[in-house]
Amino acid sequence: MSSKGTQVFDIDAGLLDDELLASQMRFLVGLVGAGRDLGAQTQVPAGWQGHEDALALRLNQVQEESALRGGAVPGRVPVTPESVIWPIPQADGLEAQLAMVRERAGQGRVGRIRLPRNDHELWASYKYSVLARNYRAYQSFGQRVAARSIPLNELWLSMVSASRVAPLAGGIRNALQHMWGYVSEHSRISPQTSDLPALAREIQQQAAAHRVSYLLNSTALGELRAWL
């Protein structure tokens, strides 16, 4: 198993505890050349060679998660999301990452998102990320999870893969409007606004201020802003 500081996590940054999140950000900064503290000798992990744009977008996702938690970030890296080619997630690597997060959770080190224990919890965490990308997939996965017709390990791989697809503005708007419903009684911004970054930020702020558990355990709360 790779150590926490020498691997790029496939699972959503919201599942990483604060220490893992900070370590991942430092590692990615070195990999994309956005900083000089790790220097040019940083070794790109196996499977990520040739996916420099994906590493840059992954760094932006990690930064959005850190900012959501009130952490300092070095600044977004320019990247064209629609052109990003991601490596194929591997089942064994994903399981190793989950095992690490699970072990750390047992020690009291947890991320913003609690580690899903079953298919329903996993789907609840990723559903708005999927909705932002493909409504039909959102419906299909929801039905399969309800029928318990998809194994948990397969669902994990599907969620990781789905969340790497570049969402269109209309899909992001749809997901954000669904999420806004959970904070509507506290919000002073219209869900019909054309300013999607502002809407996403409003949802983040209200979810945090009022401890809206369903949103705080959603991957979309953090990762969607990286695409805007």
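Let's start at Q61, a residue of helix α2, which covers residues 52-68; helices here are DSSP runs of H or I with at least four residues, strands are runs of E with at least two, and both are numbered from the N terminus. This is a predicted model, in which local features need pLDDT of at least 70 and side-chain atom pairs count only at pLDDT 80 or more, while totals for chains, interfaces and linings use all residues. Residues are numbered from 1 along each chain as its sequence is written, and side-chain values use heavy atoms, with hydrogens and water left out.

Q61 counts as buried because its relative accessibility is 7%; buried means under 20% relative accessible area, exposed over 50%, and partly exposed in between, with a 1.4 Å probe and protein chains only. Not counting residues up to four places away in sequence, Q61 touches A13, W86, S163, E223, A226 and W227, where contact means heavy atoms within 4.5 Å.

On a 1 Å grid over the protein atoms alone, a cavity is a set of points where a 1.4 Å probe fits but cannot get out, whereas a pocket is an open set with protein on both sides within 12 Å along at least five of seven lines; lining residues have an atom within 4 Å of a point. Grid points are joined across faces, edges and corners, and a volume is the space filled by probe spheres set on the points. Searching the whole structure gives two cavities of 30 Å³ or more.

The largest cavity has a volume of about 100 Å³, and Q61 is in its lining, together with F9, D10, D12, R58, W86, Y126, V160, S163, R164 and E223. That lining has four nonpolar, two polar and five charged residues; Ala, Val, Leu, Ile, Met, Phe, Trp, Tyr, Cys and Pro count as nonpolar, Asp, Glu, Lys and Arg as charged, and the others, Gly among them, as polar.

The second largest cavity holds about 30 Å³. Q61 lines this one as well, alongside D12, A13, G14, R58, E65, G222 and E223. Two elements, α2 and α10 (220-223), each give two or more residues to this lining, and α2 provides the largest share, three residues.

Now to the largest pocket, with about 320 Å³ of space. Its lining has 17 residues, of which V8, D10, A46, W48 and Q97 lie nearest the centre.

Next, visit M179 in helix α7, residues 169-180. M179 is buried, since its relative accessible area is 1%. Beyond its neighbours within four places in sequence, M179 is in contact with Y128, I203, L215, S218, A220 and L221. M179 and L221 are 42 residues apart along the chain, and their C-alpha atoms are separated by 8.5 Å.

Stepping back, the chain has 10 helices and zero strands. Its radius of gyration is 17 Å, close to the 17 Å from the globule rule for 228 residues, so the chain is as compact as a globular protein of that length; the radius is taken over C-alpha atoms, and the rule is 2.2 Å times the number of residues to the power 0.38. Of the 228 residues, 50% count as buried.

Finally, a word on confidence: pLDDT is the predictor's confidence in each residue, from 0 to 100. The chain has a mean pLDDT of 93, with 94% of its residues at 70 or more. Over residues 34-39, however, pLDDT stays under 50. Where pLDDT is low, the predicted coordinates should not be read in detail.
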